[in-house]
Every structure is written in structure tokens, then in C-alpha cells.
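Here is a walk through a predicted model. Keep the coordinates open and follow each stop in turn.

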Amino acid sequence: SCGRTKVPPCRRTQRARSALAIAGIVIGIVTVVLVASVLANARNQVALLFRDLGTENVFAFHLTGDPYVTPNEKEARRKPLKLAFVRDIARLGTAIRDVGAQVIVPTVSNGQVLVARARGNESDTVLVEGASPALFDIIGAEFTGGRPFTELEDREGAHVAVVGANLAKALFGSASPLGQTLTLAGDTYMVVGELAKRRGGFFGENRQDNVLTLPAGTVRNRFGEPERVVLYMRAKPGQRQECFRQAEAILRLLRKLPPTAENDFTLSTAEQIIATFDGLSARIGLVTVGLATVSLLIGAIGIANVMFISV
């Protein structure tokens, strides 16, 4: 159908069609490879993150999901866990070796964003948490210098702090933060410990590196009764499943739940959290593969069409 004067335009059209078809195939392949690589890397980082918190630990929280995320309307009505549960669980749990508590402090206090300041530097991305003295040992936190809190400091509400690796660099630069002071919400705290950079995280970022940790008793005195308390229960060797069952029974007892009532708290382990993330990654991967398959199919049809026209 193309005469001699039409040959160059036809060739140009065929070349354009071929280029578009090849581009579609390339985009499909690159999409699959890229997403697979990103998901694999994210999975490894998340696995490191939660395994770093202890493979023999059981975590308890009154909400489902991330303690920093706003809950849905149904879960928002749940009562928070109490710091006093630490002693009760340690006393009643025969398969539980240690119990620690992490208190999440809201980033906004009295209408103002919490800002940490020291030596003329400041950080408005600081995350403030409270910790019971045993928590650092339970999660295997590594210190580059200094020490964790003592029982006396927690009981007396002492103004001492442990800083994460990123926060220490932001406030004190290359100098050691140990023995230095910082201010937060008008109060002054002395740094007694510096944590090593944590392993794992979401896309290479571990928010624990930005945390300013205070004794749980200090947080309660300064910011009031905590509304977000995460309990960490370390099982005795080889008794994690029994630790899980005992933790559930004790928490139901402490929260006075009837036998037929559902749990109004969430118990999880590192493996469960990693498995949940694996399920989410698998669904994202299936969607990506589906989109890439459509792209490859369209590209294949385009190539077949160009070859048919050329022949």
C-alpha cells in the first residue's frame, strides 16, 4: 500500500512503533526488578529492626500497630497499659525472665512541639520516650558510652537522659555527650548514656536513633500518667510460647476482662511482625507483577504488530 514516495514515512512509523513496544517491555522488566529489590531490602531491614528488639521477647500494647500512629475510633477507646503492670507481670509470670516498659511521649506538649537544645544546637525532630531501667538490657541496646538508668533514678524521677546516635550528633556534634546537659520543655537533663546506631529500620532509617530516653518515672512526673505504654517481656530460655500464654492470661486478669470478652490489647513477637510485613510485601509484589505483565503483554503485541506490518 506504500509507494516509493511513501517508503521513508512507513519506515519511520515502524521504527517508532518498535521503539514504543521495546520501551514498554523494558519498563515492565525494570519495574519488576526494581520493586523486587526494594521489597527484599525493606524486608531485610525490618527483620533486623525487630530481631534487634529481641527474638525471645513478647510485646504488649493496648492498640494494634505502630505506637506512634493515630488509632482508629474503636481502638481509641481502649484503656492504656499501666507502668504498674511491670511489677505484677514479673511477679506472676513463671516463664517470664524480665519485664520492661517503654513510654511514648506525645511530640506536642501544652500546644508546643518538643524541642531538644544543647550547646546552641537544637532538634525539633526529637522523639521523647520513657524507659524502665531493665528495658535496655531486655532489647539488647548497645551503648557507645555511659550507662542505662538505675532503679533509684527511675523511682526518684531523676533528670537524666540517654540519647540516640543521630540525636547525639545533632546536639553535640563530634564531642561526647556524656556528662553534658540538654534542655527539653524548660527542664534540664544530664546525659548519662549514648546508644550505638541501631541496626535495621524502614528504608535505612531507624527512628530509635533520634530518641531522647528519660526514666519512666521522670516522664510520669513531668508529662502526667502515660497514655501509650509498650511492655516488653523477655522469656526464659526456650519458653517463649509459654511466656506468650502467661502474658496474655496475666494482662486479662489485670485488665479485669470477663472470660468471654476479647482481648483489649495486642500481643506480638518479632517473628509475627516480620510475617505480617512479608504478607504485605507479597501483596504489593503481586500487584506489581500484574502491572508489569500488562506492560509486557502490550509491548509484545506492539512488536508482533510491527513485525506483521513489516512482513
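Begin at Asn57, which sits in strand E1, residues 57-61. Is Asn57 buried or exposed? Its relative accessibility is 1%, and the cut-off for buried is under 20%, so Asn57 counts as buried. What does its polar side chain find there? A polar atom of that side chain lies 3.1 Å from the backbone oxygen of Ile138. Beyond its neighbours within four places in sequence, Asn57 is in contact with Ile138, Ile139, Met233, Arg234, Ser268 and Thr269.

Now turn to the nonpolar interior. In soluble globular proteins, nonpolar side chains tend to be buried together. Here the largest nonpolar core has 43 residues. Which members touch the most others? They are Ile89, Leu182, Leu212, Leu231, Met233, Leu251 and Leu267. Helix H7, residues 240-254, gives the most to this core: five residues. A second core is separate and holds 16 residues, including Phe136, Ile138, Leu195 and Val230.

Take Leu182 from the largest core. Neighbours within four places in sequence aside, Leu182 is in contact with Arg117, Ala118, Val163, Leu171, Phe172, Asp187, Thr188, Tyr189, Val191 and Leu212.

The last stop is helix H6, residues 216-223. Ala216, Gly217, Thr218 and Val219 are its buried residues. What do they pack against? Their partners are strands E2 (96-104), E7 (127-131), E11 (187-195) and E12 (211-215), plus helix H4 (151-156). After H6 comes Gly224, with a positive phi near 90°.

Methods:
Residues are numbered from 1 along each chain as its sequence is written. This is a predicted model: local features need pLDDT of at least 70, side-chain atom pairs count only at pLDDT 80 or more; totals for chains, interfaces and linings use all residues. Side-chain values use heavy atoms; hydrogens and water are left out. A nonpolar core is a set of buried Ala, Val, Leu, Ile, Met, Phe, Trp, Tyr and Cys residues joined through side-chain atoms within 4.5 Å. Buried means under 20% relative accessible area, exposed over 50%, partly exposed in between (1.4 Å probe, protein chains only). Helices (H or I, at least four residues) and strands (E, at least two) are DSSP runs, numbered from the N terminus. Contact means heavy atoms within 4.5 Å. A polar contact is a pair of N or O atoms within 3.5 Å; within protein, one must be able to donate a hydrogen and the other to accept it, and residues adjacent in sequence count only if both atoms are side-chain atoms.
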